[in-house]
Amino acid sequence: QVQLVESGGGLVQAGGSLRLSCAASGRIFSINAMAWYRQAPGKQRQLVTAITSGGSTNYADSVKGRFTISRDNAKNTMYLQMNSLKPEDTAVYYCNADVIDYSGSRYNYWGQGTQVTVSS
């Protein structure tokens with residue numbers, strides 16, 4: 001009933017930048033928190049950054065000062081601007097959203113993931 005579609009991943013050299021997008025569609029009344037997670041090969045999925053509907057943000061220490069999360073509530077879209085990328089940022093990046101539907105029910109959704117590869 002709700003889809004999250006990520007885009008913007010790709011291959012970039014160390015020091016470069018990428019901008020990820022996550023567009024939510026479907027039976028959405030409102031979206032509470034949205035977040036980006038990432039999962040590197042052989043590792044557990046970890047939280048990268050999150051943003052509330054009011055715009056409050058938090059970041060993993062490893063990305064502070066390099067990544068910026070933002071959202072456009074009117075478009076149900078979230079963004080991740082990634083600067084000064086490092087090889088250790090290589091992972092599949094997943095979008096996550098806490099959605100309220102028109103019945104007032106709350107659900108948590110994941111996107112399909114987008115690959116980010118940073119070459120040294």
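Leaving aside neighbours within four places in sequence, which residues is serine 30 in contact with? Select serine 30 and have a look: Asp98, Val99 and Ile100 are the residues it touches, where contact means heavy atoms within 4.5 Å.

Before moving on, some ground rules. This is a predicted model, so to speak of local features takes pLDDT of at least 70, side-chain atom pairs count only at pLDDT 80 or more, and totals for chains, interfaces and linings use all residues. Residues are numbered from 1 along each chain as its sequence is written, and side-chain values use heavy atoms, with hydrogens and water left out.

**Stop one: strand 4**

Stay with serine 30, which lies in strand 4. Helices (H or I, at least four residues) and strands (E, at least two) are DSSP runs, numbered from the N terminus. Serine 30 is partly exposed, with a relative accessible area of 25%; buried means under 20%, exposed over 50%, and partly exposed in between (1.4 Å probe, protein chains only).

Now slide along to arginine 38, also in strand 4, which covers residues 30–39. At 6% relative accessibility, arginine 38 is buried. Show its side chain together with that of tyrosine 93: a polar contact of 2.9 Å joins the two. Such a contact is a pair of N or O atoms within 3.5 Å; within protein, one must be able to donate a hydrogen and the other to accept it, and residues adjacent in sequence count only if both atoms are side-chain atoms. Beyond four places in sequence, the contacts of arginine 38 include Gln46, Phe67, Glu88 and Asp89.

**Stop two: the disulfide**

Select cysteine 22 and cysteine 95, joined by a disulfide with S to S at 1.8 Å; the rule asks for a pair of cysteine sulfur atoms within 2.5 Å. Cysteine 22 sits in strand 3 (residues 18–26) and cysteine 95 in strand 9 (residues 91–100), so the link ties together parts 73 residues apart in sequence. The S-S torsion is about -65°, so this disulfide is left-handed. Both cysteines are buried.

Finally, colour the open sheet of four strands, ordered 1-3-8-7 with antiparallel pairing. Strand 1 (2–7) and strand 7 (67–72) stand at the edges with a single partner strand each, so one side of each has no neighbour in the sheet. Two strands pair if DSSP finds at least two bridges between them; strand 7 and strand 8 (residues 77–82) have six. To see one, select serine 70 and its bridge partner in strand 8, tyrosine 79.
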